[in-house]
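Me: I have not looked at this one before. Can you walk me through it?

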Amino acid sequence: MRIDAYNQIATLYNAPKQSKINNSAQTTSARDQVQISRAGRDYHIAKKAVAAASDIREDKVTELKAGIKSGNYNVDTGDFASILLSNYYSAEQ
């Protein structure tokens, strides 16, 4: 039996433990800092601009309303059906 190995292990278990309070006192003196990259700032500005923009394009709406009111607005049923089917199949996947 190796007694010296036992003595080394025993000294490890009996070693004085450092207090967690002392460690936390050392870390509270520094402040956390955040640095946002240029790409992050640009993304934030773009996101704000998109949120501020209207979802409805008023120029297109007035153009379509005028076309419907005058009777000049015609829809190609083949194009309409193909768009509906492509939207339906893309929504399934």
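**Aromatic pair, helices and surface**

Reply: The count of aromatic pairs comes to one in this predicted model. Tyr88 and Tyr89 make up that pair, with ring centres 5.4 Å apart and 70° between the planes.

Me: Is the pair of Tyr88 and Tyr89 stacked or edge-to-face?

Reply: The pair is edge-to-face. The angle between the planes is 70°, and planes over 60 degrees apart count as edge-to-face.

Me: What about cover: is Tyr88 buried, partly exposed or exposed?

Reply: Tyr88 is partly exposed, at a relative accessible area of 46%. Tyr89 is also partly exposed, with 47% relative accessibility.

Me: Changing topic. How many helices and strands does the protein chain have?

Reply: There are five helices and zero strands in the protein chain. Along the sequence the pattern reads α-α-α-α-α.

Me: Take α3. Which residues does it take in, and how far does it reach?

Reply: Helix α3 runs over residues 38–52, which is 15 residues. From first C-alpha to last it reaches 21 Å, close to the 21 Å expected at 1.5 Å a residue.

Me: And how many buried residues are there in α3?

Reply: Zero among its 15 residues, so α3 is hardly covered, given that buried means under 20% relative accessible area.

Conventions. Residues are numbered from 1 along each chain as its sequence is written. This is a predicted model: local features need pLDDT of at least 70, side-chain atom pairs count only at pLDDT 80 or more; totals for chains, interfaces and linings use all residues. Side-chain values use heavy atoms; hydrogens and water are left out. Rings of Phe, Tyr and Trp (its six-membered ring) pair if their centres lie within 6.5 Å; planes under 30 degrees apart count as stacked, over 60 as edge-to-face and the rest as tilted. Buried means under 20% relative accessible area, exposed over 50%, partly exposed in between (1.4 Å probe, protein chains only). Helices (H or I, at least four residues) and strands (E, at least two) are DSSP runs, numbered from the N terminus. The expected span of a helix is 1.5 Å times one less than its number of residues.
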